[in-house]
Amino acid sequence: MTDVPQEFLALFRDEANGRLDNMVDALLALEAGRAGPEAVEALFRDAHTIKGGAGMLGLAEMQTLAHAVEDVLDGAREAGEFPLDLADMLLRSIDALRMQLAGDAGGVTDLFAELEERRRSLLTETPAEEPVKLEREAAPPGRRAAIRVPAEKIDRLLDLVGESVLHRRRLEHVLADETEQSVSDELDLGERLLTELKDAAIGMRTLPLSSITGPMPRAVRDMALAEGKQAELRIVGLDTELDRVILESLADPLVHLLRNAVAHGIEAPEERERAGKPVTGLIELRALQKGGSVEVVVADDGRGVSPETLAEGARVGSLAEVLAAAGFSTAEEVTGLSGRGVGLDAVKRHVESFGGSLEVRSEPGQGTAVVLLLPLALALIEALLIERGGQTFGIPLASIEEVVIADDRLSLEGRPALNLREQAVPLIDLADLIGASANALPPHSPAIIISTAGRRIATLCDRLLGQDEVVVKPLGPLLISLHHRYLGAAILGDGRIALLLDPGSLVRAQSLPRARPEAPRQQPVAMLGPKVLVVEDSFTVRELQRSILEAAGYRVETARDGREGLDRLLADDEIELVLTDIEMPEMDGFELTRAIRANPERGSTPIVVLTSRNDEHDRRRGLEAGADAYMVKRSFDQHTLLDTVERLVGR
């Protein structure tokens, strides 16, 4: 091989091997009769890409062989059929390409001649076997984003960053009364090291926009030609980086937005001439980092949406909501490219699933811009921490415009609103938005102005706790019924759990606020609530359960497995109930339940099993072991849990 920079050679090996894997799968599917013309198109594209990459890096032998494979596949496309016996020759060619990737370029001379002879014969011979009939079709844009560090290692590194942050914050609490300079210096050093570690981890997890945009300019050109139009794509911000999970799933939504821009936005050449515009329409894809967020915009200089559609958007407060409505289309006629406007709703849901937002701006005759606001990294976000009803919540800073004192109030269509610089913004208690139990709001409550998808609301809370960069933990099966409302959870430095609110769901919920349960009766401060032991090996789930129970007035002890849980129960006479998982190391929940029931002093302690196991056999085992209640995490409801605990402790 030629003298090629090793980092580029390594990246090419990764991509080429991935494409060769795809080619093997496609050939085997063709040979087995499980694939059609689209498989041959994919084979041709992969061979073409490998040929181009090898040529760029000066790998002449590999470029020549890939070109020969490409020619054979092009011959199959020209002939309109794929003889099934061709698969074996191409599989051998793939083996040879792999050898060349490994540095062995020998033994392919005969293969070159065989491939060339086969290409010529494709256009003249009549196959003995029934071939796969091919029909020419446009190749959809493809993508492949390479990351050479295994994803699980990156995620583990980010977990360690999060745990290190938590450890440092706990250390701050422990050393809060120390005044020695050495302690301060150590904390400062630890802060710097953690910042560097965090930045390195985020850098490993992010990829540049250019990782997915390669095929897009050609795709826009081809889509425009299919519509009888002329359009070009300009890309700005190719080096802007996003979380790899977001980026790798963003290609299809972006292609959909580009397709919409061609079909719905860019006018036909004669129409553009009459409007005094260049015949070739311009579509721009741009990305720009803004703090902890990335703004991705797909904009065109086309006809824009109609004044009627703009008016409807103004009426409902969001043009994106109107355009994303099921079945909505701005196309005057349905074509194979434009469809019926279906898809923008899917793009919107996709963006919001990452805690982002989608906004549409348009001006008749001037064009349309679709704006995606996405988090830079899924694992860490900047959040405003607030409190309502004794529970801590976080709201992504990217969705917050400002915080004000909600004193200047008015009524908007019979509902409370905030007068914000002569504009009425819907005003609603956070407890009402999420259906939570809470006492009356204090005087002069702070209101957080949340903006997403072109809509704004003001939500009230008890107090602000400050701004923080938090490590996002998934909710998991314990709170699966709440996934539409929360982005995840964060463990704070003092051990509390903050549920991270989804701004999009808050804005949607304000139009149909649910009545929240009445606030629980306040107990005198002198009275101590019953003590509950939570036995759970998952730290996140354990702390979530602790948070729920403590918010309801219970005192909580925790244990990481059944053995530790049994020891804590026997050592603490104040524990009145045990809440346990099943699958744990050392001693599982079944064994713990049987051990408690066999103990003469603590055998009558109420036991609630809370597990992901939903099998009737496991439920029967739990009850036979002596559990008083058996609850499944997948259908978990915190009110049901609290009702069960209250019933068993006789509170």
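Predicted model: local features only at pLDDT ≥ 70, side-chain atom pairs only at ≥ 80, totals over all residues.
Visitor: How many helices and strands does the protein have?

Guide: There are 22 helices and 25 strands. Both are DSSP runs, numbered from the N terminus: helices are H or I with at least four residues, strands are E with at least two.

Visitor: What makes strand 7 and strand 9 partners?

Guide: Two strands pair if DSSP finds at least two bridges between them. Eight bridges join strand 7 (residues 293-300) to strand 9 (residues 367-375). Eight meets the cut-off, so they pair. They run antiparallel. Within this pairing, Ala299 stands opposite Ala369 in strand 9.

Visitor: Why does Asp300 count as buried?

Guide: Its relative accessibility is 11%. Buried means under 20% relative accessible area, exposed over 50%, and partly exposed in between (1.4 Å probe, protein chains only). Asp300 falls under 20%, so it counts as buried. Asp300 lies in strand 7.

Visitor: What lies 2.8 Å from a polar side-chain atom of Asp300?

Guide: The backbone nitrogen of Gly302 does. A polar contact is a pair of N or O atoms within 3.5 Å; within protein, one must be able to donate a hydrogen and the other to accept it, and residues adjacent in sequence count only if both atoms are side-chain atoms. At 2.8 Å, this pair is inside the distance limit.

Visitor: Which residues is Asp300 in contact with?

Guide: Leaving aside neighbours within four places in sequence, the contacts of Asp300 include Ala261, Leu282, Ile283 and Thr368.

Visitor: Which residues touch the most other members of the largest nonpolar core?

Guide: Leu254, Ile283, Val296 and Leu372, out of 43 residues in the core. Helix 11 (residues 251-265) gives the most, with seven residues. Apart from this core lies another, of 38 residues, among them Leu30 and Leu122. A nonpolar core is a set of buried Ala, Val, Leu, Ile, Met, Phe, Trp, Tyr and Cys residues joined through side-chain atoms within 4.5 Å. In soluble globular proteins, nonpolar side chains tend to be buried together.

Visitor: Why is one side of strand 22 and of strand 25 left without a neighbour in the sheet?

Guide: This open sheet has the order 22-21-23-24-25, with parallel pairing. Strand 22 (555-559) and strand 25 stand at the edges with a single partner strand each, so one side of each has no neighbour in the sheet. Neighbouring strands are turned by 20 degrees against each other on average, direction ignored. Helix 22 (residues 638-649) packs on the sheet and makes about 145 degrees with strand 23.

Visitor: How do you know that strand 24 and strand 25 pair?

Guide: Four bridges link them, in the parallel sense. Val608 stands opposite Ala629 in strand 25. Strand 25 (residues 629-632) is covered on both faces: Ala629 and Met631 are buried on one side, Tyr630 and Val632 on the other. In a regular strand the side chains alternate between the two faces of the sheet.

Visitor: Why does Glu422 count as exposed?

Guide: Glu422 has 70% relative accessibility, which is over the 50% limit, so it counts as exposed. It lies in the loop between strand 14 (415-420) and strand 15 (423-429). Its phi is positive, about 70 degrees, although Glu422 is not a glycine.

Visitor: What makes His444 exposed?

Guide: At 57%, His444 is over the cut-off, so it counts as exposed. His444 also has a positive phi, of about 55 degrees, and is not a glycine.

Technical notes: Residues numbered from 1 in each chain as written. Heavy atoms only, no water. Axes fitted to C-alpha atoms, helices over the stretch in contact; angles between N-to-C directions. Contact = heavy atoms within 4.5 Å.
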